[in-house]
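Me: I have a structure open and would like to learn how to read its features one by one. Where do we start?

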Amino acid sequence: MKQSGETLFEAFLNQHDTRAWEVTVKSLLPHIHEVDKNATQIWFYFFPLKLAKALQQSEDPEKLAKKLLMLGKYHLKDQIDRSHEFLYGHRYWSAVKKAIQEHAASSKAPSSLELAAQIKEVAGRVASELKVDNSLLLGIVAVGFLTLQQVGIEAFKASSGKISLSEKVIKKSPDQIFNARAKDEGQGILGFLKTVDKVYNVTFNENKEDCRYKLLDGQDLATAAASDKRDYRSKDPRCPEGPIPVECRAASCGTCWVGILGGAEKLDPVSSKERKMMPKFGYIDTEDQRPLIRLGCFTPAHGSVSIVIPPWNGYFGQYLRSLEDENEESNHTTA
Ligand code: FES
């Protein structure tokens with residue numbers, strides 16, 4: 001049912017919970033270009049709908065965020081134009097945002113009441129306007145739809161829609177970016193003789209050339225990041241050493257979570273501790289040995305990888321589960 005003040009399109013989006021979105025993204029994935037397949041899934045892990053709803057429905061969101069140990073920039077409304085910078089489709093954001101607003105304001109009945117179909121419809125329209133392949137738009141349009149659902153139409157419209165990518169980055173083709181991602185460079189003339197001291201690159205922002213650090217074979221992502229002595233703390237107090245935020249370095253606090261854009265196969269499989277803690281933090285719950293979301297301090301690497309560092313961290317998995325249990329219980333009582 002439409003709530004007061006809610007537009008028809010918002011009401012439509014609000015019919016979709018986390019599960020519905022999972023089904024939608026899964027159905028879109030085969031049609032999303034390789035360059036944005038992982039990035040799209042990572043974005044959905046970084047900005048979970050369930051958590052956004054729990055904060056919105058809380059009487060005191062700031063108090064709840066404190067209780068859930070949330071640190072960093074966790075409000076999507078403060079980063080509507082930037083949260084998806086790691087998607088290739090980000091470069092089309094201005095046109096995507098405009099098309100989503102038009103779609104939301106349209107008085108014409110949509111061609112389908114299925115979420116995935118509407119995402120495809122908007123992506124198709126932008127693709128033909130910009131003369132680019134549809135597969136490059138699907139991920140960013142899905143991200144735009146969920147952003148609108150989380151922040152509301154007024155905040156969505158109020159953001160500028162501007163992006164700040166260099167000309168050089170904008171000119172890169174999706175294949176160029178995909179092929180360069182996590183590429184292992186040579187180890188020198190005698191590299192094949194090396195059994196120890198192999199050195200790899202960890203890229204943590206594909207849009208900037210200097211956003212990479214060195215990793216020794218077998219080092220975990222966060223320990224290697226600490227060898228990058230540049231100042232990250234002044235921009236983000238969660239970063240005392242290197243670009244990856246850290247605190248415990250023992251898989252106990254959840255500060256160091258990262259998304260793996262490329263090279264997941266070069267990482268050690270998930271350890272039992274990482275597997276146990278990830279659902280507690282709320283980041284991911286999977287049997288996958290090498291998932292797209294990892295704890296930097298507990299993930300040794302054996303090759304070059306490309307990662308994304310989320311702008312926030314928290315410990316919310318247990319809390320969200322307790323809310324679900326309460327809901328289930330009250331449904332049983334009223335049944
Ligand atoms: S730094 Fe605490 S979990 Fe990695």
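**Reading burial, rings and helix packing**

Reply: Start with R294, which is buried, with a relative accessible area of 0%. Keep in mind that this is a predicted model.

Me: In which element does R294 lie, and which residues is R294 in contact with beyond its neighbours in sequence?

Reply: R294 lies in strand 5, residues 293–295. Leaving aside neighbours within four places in sequence, R294 is in contact with C256, W257, V258 and I260, with L267, D268, P269 and V270, and with E274, M278, Q289 and T299.

Me: Is Q150 buried or exposed?

Reply: Burial here means a relative accessible area under 20%. Q150 has 10%, so Q150 is buried. The place of Q150 is in helix 8. Not counting residues up to four places away in sequence, Q150 touches F47, P48, L49, A52, Q56 and L76.

Me: Now the rings. How do I read an aromatic pair?

Reply: A pair of aromatic rings is described by two values, the distance of the centres and the angle of the planes. In this model the count comes to 17 aromatic pairs. One of them is formed by F46 and W257, with 5.2 Å centre to centre and 65° between the planes, an edge-to-face pair.

Me: Which parts of the chain does the pair of F46 and W257 link?

Reply: Distant ones: F46 is in helix 3 (residues 34–46) and W257 is in strand 4 (residues 257–262), 211 residues apart. F46 is buried, with a relative accessible area of 1%. W257 is buried as well, with a relative accessible area of 1%.

Me: Why is the pair of F281 and Y283 tilted?

Reply: Planes under 30 degrees apart count as stacked and over 60 as edge-to-face, and the rest are tilted. The planes of F281 and Y283 are at 40°, so the pair is tilted, with the ring centres 5.5 Å apart. Both F281 and Y283 are buried.

Me: Which residues form the aromatic cluster?

Reply: F46, W257, F281 and Y283 belong to one cluster, together with F86, W312, Y315 and F316.

Me: Which charged residues lie over the face of a ring?

Reply: R91 lies over the face of Y88, at 3.7 Å from the ring centre. K97 lies over the face of F156, at 5.7 Å from the ring centre.

Me: Last, helix packing. At what angle do helix 3 and helix 8 pack?

Reply: Look at the angle and the distance between the axes. Helix 3 and helix 8 (residues 138–151) pack at about 15°, with their axes 9 Å apart. Angles under 35 degrees count as roughly parallel, and helix 3 and helix 8 are therefore roughly parallel to each other. Their crossing is right-handed. The contact is made by T40, W43 and F44 of helix 3 and by G139, A142, V143, L146 and T147 of helix 8.

Me: And at what angle do helix 2 and helix 7 pack?

Reply: Helix 2 (residues 18–28) and helix 7 (residues 115–130) pack at an angle of about 50°, and their axes are 9 Å apart. That angle makes helix 2 oblique to helix 7. Helix 2 passes helix 7 in a right-handed crossing. On the helix 2 side, W21, T24, S27 and L28 meet L115, A116, I119 and K120 in helix 7.

Technical notes: Residues are numbered from 1 along each chain as its sequence is written. This is a predicted model: local features need pLDDT of at least 70, side-chain atom pairs count only at pLDDT 80 or more; totals for chains, interfaces and linings use all residues. Side-chain values use heavy atoms; hydrogens and water are left out. Rings of Phe, Tyr and Trp (its six-membered ring) pair if their centres lie within 6.5 Å; planes under 30 degrees apart count as stacked, over 60 as edge-to-face and the rest as tilted. Helices (H or I, at least four residues) and strands (E, at least two) are DSSP runs, numbered from the N terminus. Buried means under 20% relative accessible area, exposed over 50%, partly exposed in between (1.4 Å probe, protein chains only). A charge sits over a ring if NZ of Lys or CZ of Arg is within 6 Å of the ring centre and within 35 degrees of the ring normal. Axes are lines fitted to C-alpha atoms, for helices over the stretch in contact, and angles run from 0 to 180 degrees between N-to-C directions. Angles under 35 degrees count as roughly parallel, over 145 as roughly antiparallel, 65 to 115 as roughly perpendicular and the rest as oblique. A crossing is left-handed if the near helix is turned anticlockwise from the far one by less than a right angle, and right-handed if clockwise. Contact means heavy atoms within 4.5 Å.
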